[in-house]
Amino acid sequence: MTASSADKILDGLNECQKHAVTTINGSLLVVAGPGTGKTLTIVRRIAYLVQQGVSPEHILAVTFTNRAAREMKERAEALLGGIASMLFAGTFHLLGLRIIKDIYGKEFSIFSRDEQAVLLKSLTQASARKVQQVAEKISRIKNFLEDSNKETQAIYKAYQAALSQRNAYDFDDLIRIPIEILEKNEELRKKYQDKFKHIIVDEYQDINPAQYRLLKLLAGNTPNICAVGDADQAIYAFRGADLRNFLNFEQDFPGTAMITLSENYRSTGIILDAAESVIKNNRSRIDKKLIPTRGKGARITVISVPDERAEGSAIIREIELRIGGTSRYQMEHGNVGRGGSEWSFRFSDFAVIFRTNAQATALEEGFSASGIPYQVIGRKNSAQAREIEETLAYLRSLVHDVGISEQESVETQDSKLLDPADLFNPGADAVTLMTLHMAKGLEFPVVFITGCEEGLIPCTLMKDRTDIEEERRLYYVGMTRTKNELFVLYSRRRSLYGHRLPSIPSTFLSDIPETLLQFTVVPDKVKKQKEREQLGLF
DNA sequence: ACCATATACATTTTT
DNA sequence: TGTATATGGT
């Protein structure tokens, strides 16, 4: 390759990004805060490896979500063309699937969460609730999060036998089986270590013990491994993700180089300052500061509303102010919309984020009454779930009627690894409603974080299990989704399980300096009462 | 087998 | 407050 193509690969990158792209030997930890061009850096790194003569089939790029994997793959293809298909870019589970198929050379089906539950139900005759608990237990055992006890051992065995009888694996097996094989078989272990000469792991802070073990097996003793992530965005501890793997990476892989991507290309300075003022209270983190590149921006608006319905109305009012041609808002604020130069907002520029799914209902009521298009993502038993089933059924039918290629058929089976969040359609012109968890990895010009009250953020609904640092990270993730305008809302009263609770603003709000905030109060409705009084006079 | 009533319970969920 | 499971009566 010529020098000019190397230039092209590094084109438009900042110094740290360039460094992260070109440090290809040994172990490397890239600390990539929100909006720092993480995916860009990963994709350019892949291109750089290829340009340096590494064959794409020796490159392993793993992520956690299909969404992230898809983006990585698409962008790698755009950069490298057809040869990009030779590298592995996909989720941990797809990687495991490929390894199992590669070694066993057999077809098998993957049981979804629902199929798993049905199977367990048939084995135990237990209630749906109990079945869920058992499924969770088995999952935790398979992910090395806990050991099996006498009680679970029996059902575990029966379940595994039933799976095997149906020529099936569950999601966790896709990681567990390769670990088992590679731990036992040195020859195969060597084979994969030789194959994956360069490993890139995205979102390393979210890695769980099983994934870590698999990775260690593939990496071998002298790995070229690049872990990319951000300790401040670790929000899956409850699923077994172990942040310590990230924090200890340098000791874990001796000789590690560490690069921090600091320049933030997403958010305004005020938003970054505010987010920093919240997250700096955490102890389990690598200290870092995000450098804004987009100017100071507007203050964060704190809106106090009387109840959760008013939360929706306040949001809808703000959206309506910004949608619909030459608005009063435009005259007052100038062109601060998307891109900055041209005034325009689409519904898809707005995100409404909450801690618990239960909060969606009240918000949805407001939205459906307003006529504003919206999509709620990530929720189970929704139209989206049905859509998945329909899509899967359609894909399966393709396999049997139509003669499609082996590659496609693999993709089809792999589509079992889809989940509702993957159906999030960024192209749809609709306001997106979702939990803080679902918001990770996304960005929006205007963000509303609702329910910023003690009890909800940080969420203490299950008192004994509150991880305040993780809650803080969640809030941090929420805030840093914002490009331009952030609204945080809290309700002075909230109905929770039928009880009306008086609410006080989240401590996370008081961590933000007041100079970064502006306050709006939506008063209690006194109108109706006045009307009643007037009627009473007559 | 069935319906009615009582009771327990409630976060987040990458695949 | 709503949902899902457990209980109880016919």
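## Surface patch and its loop

Helices, taken as H or I runs of at least four residues, and strands, taken as E runs of at least two, are DSSP runs numbered from the N terminus. In these terms, Met462 of this predicted model is found in the loop between strand 15 (444–449) and helix 21 (468–479). Together with Leu461 and Tyr497, Met462 makes a nonpolar surface patch of about 340 Å².

Six strands form an open sheet in the order 3-2-6-7-1-8, and their pairing is parallel. Strand 3 (88–91) and strand 8 (257–261) stand at the edges with a single partner strand each, so that one side of each is left without a neighbour in the sheet. On average, and with direction ignored, neighbouring strands of this sheet are turned by 15° against each other.

Helix 4 (residues 66–80) lies across strand 2 and strand 3, running at about 160° to strand 3.

## Helix packing and a salt bridge

The axes of helix 7 (residues 128–142) and helix 8 (residues 150–165) come within 11 Å and cross at roughly 85°; because angles of 65 to 115 degrees count as roughly perpendicular, the two helices are described as roughly perpendicular to each other. Helix 7 contributes Val134, Lys137, Ile138, Ile141 and Lys142 to the contact, while helix 8 contributes Thr152, Ile155, Tyr156, Tyr159, Gln160 and Leu163.

In helix 9 (residues 173–184), Glu180 and Arg176 are four residues apart and thus separated by about one helical turn, and their side chains meet in a salt bridge with an N to O distance of 3.0 Å. The model's salt bridges come to a count of 33.

A second open sheet is formed by seven strands in the order 13-14-12-15-16-11-19, with parallel pairing. Its edge strands are strand 13 (374–376) and strand 19 (517–521), each of which pairs on one side only, and neighbouring strands are turned by 20° against each other on average, direction ignored. Strand 13 runs parallel to strand 14 (residues 431–435) and is joined to strand 14 by three bridges, with Val376 standing opposite Leu433 in strand 14.

Helix 14 (residues 269–279) packs on this sheet, touching strand 11 (300–305) and strand 16 (482–491), and its direction makes about 50° with that of strand 16.

Definitions and conventions
Residues numbered from 1 in each chain as written. Chains lettered and ligands numbered in written order. Predicted model: local features only at pLDDT ≥ 70, side-chain atom pairs only at ≥ 80, totals over all residues. Heavy atoms only, no water. Patch = residues over 30% accessible without salt bridge, like charges linked within 9 Å, V, L, I, M, F, W, Y side chains within 5 Å. Areas by Shrake-Rupley, 256 points an atom, 1.4 Å probe, with all protein chains shown as cover. Salt bridge = Lys/Arg side-chain N within 4 Å of Asp/Glu carboxyl O. Pairing = 2+ DSSP bridges. Axes fitted to C-alpha atoms, helices over the stretch in contact; angles between N-to-C directions. Contact = heavy atoms within 4.5 Å. Parallel < 35°, antiparallel > 145°, perpendicular 65-115°, else oblique.
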